[in-house]
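Me: Could you take a look at this one with me? I have a few quick questions about where things sit.

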Amino acid sequence: MLRGRVPGGGGTAYIGAIMVPFRKMHGLGNDFVVVDARAAALPVTPARAAAIADRHFGIGCDQFIVLEPPPPGADVFMRIRNPDGSEAEACGNATRCIASLVADERGADRVVVRTIAGALPVERLPGGLWRADMGPARLGWQEVPLARAVDTLHVPLALGPVADPAACSMGNPHATFFVDDLDAIPLSEIGPRLEHDPIFPERANIGFAQILAPDRMRLVIWERGAGLTLACGSGACAGIVNAVRRGLTGRRATVTMPGGDLIMEWRESDGHVLMTGPVATAFSGTLDLGAYAS
Ligand SMILES: N[C@@H](CCC[C@H](N)C(=O)O)C(=O)O
C-alpha cells in the first residue's frame with residue numbers, strides 16, 4: 001500500500017487516489033510545485049502542502065503554489081505555501097513563473113497575478129526575461145509588521161556577527177542585514193533565530209546583503225518557513241529598498257543570489273519595486289494528493 005508521510009512524522013493511511021497534474025518551476029533555483037485549481041478546487045491543506053514540499057518524502061520545493069480563479073482585474077490568483085505549511089503573502093520568483101505560464105496559455109505579453117497581498121502586473125521582455133511590478137515597499141513598523149514602534153531603518157536587533165537591520169514589507173515581512181563579508185556569516189545558525197525573533201510577530205524573511213558597488217550587491221535570504229533558498233524575489237526587492245534607504249546603492253542594481261541575478265529598480269515616481277529575471281520549468285508530472293497527509 002502506498003503511504004504518505006509528513007516531514008519528520010509517521011506514515012498516514014492511503015486515502016485513495018486524487019490524481020492532479022503538476023508542474024515543477026523555478027526562478028533562479030527558487031523552486032515551486034504548481035497545481036491548477038482554477039477549474040475545480042483541490043484539497044490542498046497546509047499539512048498536505050508541507051508533505052509534498054518535503055525534499056525526502058515528497059516532491060520537494062521551496063514553495064507550493066496553487067492557481068485559483070482570478071478575482072476581477074487579475075488573470076490568475078496565486079496562493080503560496082511555505083514548506084512548513086504557512087501561507088505567504090508574496091513570492092517574487094513565483095510571480096514571474098506563474099505570469100509566464102498564464103501569459104503563454106493566452107498568447108499574451110502582460111498579465112496580472114493576484115496574491116493575498118495585492119495585484120502584480122508582469123510583462124514579458126526579450127531574452128526570456130519577465131519584469132514584475134512588485135508594488136510599493138511598505139516602510140511603517142506596523143506594516144512590516146514589527147512588535148513595537150521602532151524606526152524600520154534601524155531595527156534594534158543583533159545576533160552574533162550581524163546587527164542593525166533595516167526592515168520593510170513587500171506584502172511579506174523582510175529584514176535586511178548589511179554585512180562586510182557574506183561568506184563569514186553563519187547563515188544556517190543565525191537565520192532561524194532571527195526569523196523567530198519576537199520583534200517580528202509574524203516572523204520574517206531575513207536577508208544578508210554585501211554591497212559590491214553602487215549598482216551591485218550579493219544577497220542570501222533565510223526565508224520564513226523555508227530556510228536558505230537559492231534566490232528570493234521579494235527578498236531582493238527588500239534588499240534594494242533597504243540599501244537605497246541606507247544610502248548604500250542607487251535605485252537600480254543587480255542583486256546576485258546563489259542561484260543567479262535579478263535586475264532590481266525601486267522606482268522613484270511611485271515607490272513601486274520592479275524585479276526582472278528569468279523563469280524555468282524543470283519538469284511536469286502527475287501527483288497523487290491522496291498519498292499525502294491531509
Ligand atoms: N521565495 C519567495 C518568497 C516566499 C515566501 C516567504 N518565504 C515568506 O514566507 O514570506 C520570493 O521569491 O519572494
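Predicted model: local features only at pLDDT ≥ 70, side-chain atom pairs only at ≥ 80, totals over all residues.

Me: Where does C91 lie in the fold?

Reply: C91 lies in the loop between β7 (87-88) and α2 (92-106).

Me: And is C91 buried or exposed?

Reply: C91 counts as buried, because 31 C-beta neighbours lie inside 10 Å, where 20 or more is the cut-off for that label.

Me: OK, what does UniProt place at C91?

Reply: The UniProt record, an unreviewed entry, places the feature "active site" at C91 and C232. These positions span 142 residues in sequence, yet no two of their C-alpha atoms are more than 7.5 Å apart, so they gather at one spot.

Me: Where is C232, then, and which residues does it touch?

Reply: C232 is placed in the loop between β17 (227-228) and α4 (233-245). Not counting residues up to four places away in sequence, C232 touches N30, G92, N205, I221 and E223.

Me: Why does C232 count as buried?

Reply: C232 counts as buried because 34 C-beta neighbours lie inside 10 Å of it.

Me: Switching to the ligand: which residues come nearest?

Reply: Of the 21 residues around the ligand, A88, N93, N172, G233 and S234 come nearest. The elements that give two or more residues to this shell are α2 and α4, and α4 gives the most, with three residues.

Me: How do the shell residues divide into nonpolar, polar and charged?

Reply: The shell around the ligand divides into six nonpolar, 12 polar and three charged residues.

Me: And where does the ligand lie relative to the domains?

Reply: Both domain 1 (4-131 + 279-291) and domain 2 (138-270) give residues to the shell around the ligand, so the ligand lies between them.

Me: Last topic, the largest nonpolar core: which residues touch the most other members?

Reply: Of the 82 residues in that core, I65, I98, A236, C237, I240 and V273 touch the most other members. The core draws at least three residues from each of domain 1 (4-131 + 279-291) and domain 2 (138-270).

Me: Which residues is I240 in contact with?

Reply: If neighbours within four places in sequence are left aside, I240 is in contact with T249, A253, V255, M264, W266 and V273. As general background, nonpolar side chains tend to be buried together in soluble globular proteins.

Methods. Residues numbered from 1 in each chain as written. UniProt positions renumbered as here; feature names shortened; annotations may be inferred. Helix = DSSP H or I, 4+ residues; strand = E, 2+ residues; numbered from the N terminus. Buried ≥ 20, exposed ≤ 12 C-beta atoms within 10 Å, placed from the backbone. Contact = placed C-beta atoms within 7 Å. Near = placed C-beta within 6 Å. Nonpolar A, V, L, I, M, F, W, Y, C, P; charged D, E, K, R; others polar. Domains from an automatic or database assignment. Core = buried A, V, L, I, M, F, W, Y, C linked by C-beta atoms within 7 Å.
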